[in-house]
Amino acid sequence: MDSHKKELSQPPGNKRRFHIPTVEEIEKSRVEAEKRLAPSTTMHEVALDLSTSTLQPAGTQQGSLSSKPADARQPTPSFTTARAIATPAAQTTNSPTGARSYSSKVVQVNELQRGNPLLASIRNVRWSFAKDILPDYVVGRASCILYLSIKYHRLHPEYIAKRIEGLGRNYSLRVLLVYADTDDSKLPLREINRVALLGNMTVLLAWSLDEAGRYIEALKTYEHRPPDAIKERVEDTYMARLNNALTSVRSVNKTDVLTLASNFGSFERMAKAGADELTLCPGIGDLKAQRLFKAMNEPFVQNT
């Protein structure tokens, strides 16, 4: 009670006074704070904000700037410079196909092939013309085709050598698709094989335009598949390998193979048998026995 009386007895000048802001003062402070926090709309205002808003330790004046002279300060980057820093330069990549853009969904066809009747035989895959490719057909990111007919080769024998040279070292799979549209194609094919061998090309021979179109479709369809996808699958058993070997002889079927295997017992005895012994088997006639005997006894490569 005594301490309370002492506080009441103190003069009014020694009492603490608290200021309660009015509604107008609170609204004015809020507007000023929003103006200070509002983002700058121009690069000039950004530069002013960067030059005036410096981090200062406690106890220093707000208006004091850095101790470095004004000339030593780094200039504020312009909008174009900041944009160049933020956006990296576009990297230019050279396509392995020699084309500006490669599409894995279509066969790209050179403009030189416009009007070629072969295009009508490409039915199972999509194709489109492209102006900026070196080969005649692009069927993969690293696979290409050059097309040549034997009739055209006879008229222009230097054509294919120049086209192969123009490919350079591009493409890992380089196919030369040859259309045999003449009756006598032995000598031209020998010349084409020689040029293809020197140019690291793989020759595919087609006897019709439909067959040539199937080759292009197959190369495009199997673009992303392993080589085993087109390899013949043979079971690793004795009878499966025997069937695969003997049915390669003309007119010999799997029933004949089973008959021969049951009569001779082994492939060695069958290979040493004569044509007369082969005809003793049911279903093996004279013509079939002669073909089997020649396949077993004649050399694989004939001396020329």
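This is a predicted model: local features need pLDDT of at least 70, side-chain atom pairs count only at pLDDT 80 or more; totals for chains, interfaces and linings use all residues.
1. Start with the strands. Six of them form an open sheet, and the order is E2-E1-E3-E4-E5-E6. The pairing is mixed. Strand E2 (126–130) and strand E6 (202–206) are the edge strands, and each pairs on one side only. Neighbouring strands are turned by 30° against each other on average, direction ignored.

2. **One pair in detail.** In general, strands of a sheet pair through backbone hydrogen bonds, either parallel or antiparallel. Which sense do strand E3 (residues 137–140) and E4 show? They pair in the antiparallel sense, over three bridges. To find a bridge by eye, go to valine 138: its bridge partner in E4 is cysteine 144.

3. **Helices on the sheet.** H6 packs on the sheet and touches E1, E4 and E5. Its direction makes about 170° with that of E4. H7 also packs on the sheet, where it touches E4, E5 and E6. The direction of H7 makes about 170° with that of E5.

4. **The two sides of H6.** Look next at helix H6 (residues 159–167). Its buried residues are Ile160, Arg163, Ile164 and Leu167. Why do they lie on the same side of H6? Because they cover an arc of only 100° around the axis. Lys162 and Glu165, on the other side of H6, are exposed. Note that Arg163 is on the buried list.

5. **The end of H6.** Glycine 168 follows H6. Its phi is positive, near 65°.

6. **The largest nonpolar core.** How many residues does the largest nonpolar core have? It has 18. Those with the most contacts inside it are Leu146, Ile160, Leu167, Leu176, Val178 and Met201. E4, H6, E5 and H7 each supply at least two residues of this core.

7. **Methionine 201 up close.** Take methionine 201 and leave aside its neighbours within four places in sequence. Methionine 201 is then in contact with Leu146, Ile164, Leu167, Arg174, Val175, Leu176 and Ala196. Of these, Ile164 and Leu167 are also among the buried residues of H6.

Note on methods: Residues are numbered from 1 along each chain as its sequence is written. Side-chain values use heavy atoms; hydrogens and water are left out. Buried means under 20% relative accessible area, exposed over 50%, partly exposed in between (1.4 Å probe, protein chains only). Helices (H or I, at least four residues) and strands (E, at least two) are DSSP runs, numbered from the N terminus. The arc is that of the directions from the helix axis to the C-beta atoms. A nonpolar core is a set of buried Ala, Val, Leu, Ile, Met, Phe, Trp, Tyr and Cys residues joined through side-chain atoms within 4.5 Å. Contact means heavy atoms within 4.5 Å. Two strands pair if DSSP finds at least two bridges between them. Axes are lines fitted to C-alpha atoms, for helices over the stretch in contact, and angles run from 0 to 180 degrees between N-to-C directions.
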